[in-house]
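Please view the sequence and the model first, and then read the notes by topic.

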Amino acid sequence: NQVLADRNRDLEQVIARLSQEEAAHERERICRMAHDAWSQQLAIAGLTVDMLIRQSDAPVDAARLAECIALLAIPGDTGLTLMPGDLDKAVNRLAQSYRQLGVSTIVTGQAMFTPVQEEALKPVLREAFANAVRHAYARTIEVRFFSDCSQTGFEIRNDTLDSSTGIAEGRGLRDIRMRVSQAGGSIQVSKKTCFSLMVTFERTREEDCIENRLD
């Protein structure tokens with residue numbers, strides 16, 4: 001009876017720790033979703049203000065600023081936040097949205113990803129676009145997809161006003177690293193004349209190599 005009582009206490013402690021970990025994971029998920037939504041909306045609002053200023057010789061009036069404020073009131077679970085459809089459509093839609101706001105966006109190359117990888121890469125690309133505009137003040141963003149027998153992935157490059165080579169890893173970049181890692185990939189970041197984020201996934205399945213050669 002004493003042994004059973006001790007084991008019950010041990011089990012209760014394990015269950016309590018699991019509950020705490022689950023609560024922590026849920027808080028992290030909610031924080032990540034909130035950051036995604038606000039990062040995207042702030043980037044779009046900032047570009048809208050910039051475009052209004054460049055298009056008008058007169059000061060931006062209250063009515064136009066109200067339009068930008070309305071952008072920030074869009075619920076986080078609508079529009080680009082969801083990015084429905086496959087990865088190609090999501091990327092093209094994302095690029096087109098920024099292009100309409102004065103950012104030159106170029107998407108080239110092809111790559112094949114698993115469904116899990118695609119779902120991870122949608123918010124990664126969204127965050128990368130928003131970071132480029134908000135933190136680097138980029139007006140040119142290029143996404144290059146690549147794939148061969150050993151790896152598949154993409155590189156996103158953007159211009160930056162900051163000439164230093166140091167990279168400060170904030171919440172957005174940490175979320176990107178975590179999402180890619182959970183999907184089985186890795187990232188590399190660098191900054192010289194431009195900022196570069198490269199995401200890669202190793203390919204080991206023989207059928208992927210065969211399919212790649214046929215293409």
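Rings of Phe, Tyr and Trp (its six-membered ring) count as a pair if their centres lie within 6.5 Å; planes under 30 degrees apart are called stacked, over 60 edge-to-face, and the rest tilted. A search of the whole structure finds four aromatic pairs. The model is predicted, so local features need pLDDT of at least 70 and side-chain atom pairs count only at pLDDT 80 or more, while totals for chains, interfaces and linings use all residues. Residues are numbered from 1 along each chain as its sequence is written, and side-chain values use heavy atoms, with hydrogens and water left out.

**Overall architecture**

- The chain has six helices and five strands, where helices (H or I, at least four residues) and strands (E, at least two) are DSSP runs numbered from the N terminus.
- Starting at the N terminus, the order of the elements is α-α-α-β-α-β-β-α-β-β-α.
- Of the 215 residues, 35% count as buried; buried means under 20% relative accessible area, exposed over 50%, and partly exposed in between (1.4 Å probe, protein chains only).
- Among contacts with a separation of 6 or more, 68% are between residues 24 or more positions apart, a contact being heavy atoms within 4.5 Å.

**Aromatic pairs**

- One of the four aromatic pairs joins Y98 and F129, whose ring centres are 5.3 Å apart with planes at 50°, so this pair is tilted.
- Y98 belongs to helix α3 (residues 87-100) and F129 to helix α4, so the pair ties together parts that are 31 residues apart in sequence.
- Both Y98 and F129 are buried.
- F145 and F154 also form a tilted pair, because their ring centres are 5.8 Å apart and their planes stand at 55°.
- F145 is buried at a relative accessible area of 9%, and F154 is buried at 0%.
- One aromatic cluster is formed by F113, F145, F154 and F201.

**The largest pocket**

- A pocket is found on a 1 Å grid over the protein atoms alone: it is an open set of points where a 1.4 Å probe fits, with protein on both sides within 12 Å along at least five of seven lines, and its lining residues have an atom within 4 Å of a point.
- The largest pocket holds about 490 Å³ of space; grid points are joined across faces, edges and corners, and the volume is the space filled by probe spheres set on the points.
- Its lining comprises 25 residues, and N131, H135, I167, A168 and F195 lie nearest the centre.
- Two or more lining residues come from each of α4 (115-134), β3 (151-158), α5 (171-182) and β5 (195-202), with α4 giving the most, five residues.

- S196 lies in strand β5 and is buried, with 7% relative accessibility.
- Beyond its neighbours within four places in sequence, S196 is in contact with E155, I156, R157, Q188, V189 and S190.
- The C-alpha atoms of S196 and E142 are 9.6 Å apart, although 54 residues separate them along the chain.
- T200 is also placed in strand β5, and its relative accessible area of 12% makes it buried.
- Not counting residues up to four places away in sequence, T200 touches F146, Q151, T152, G153, G185 and S186.
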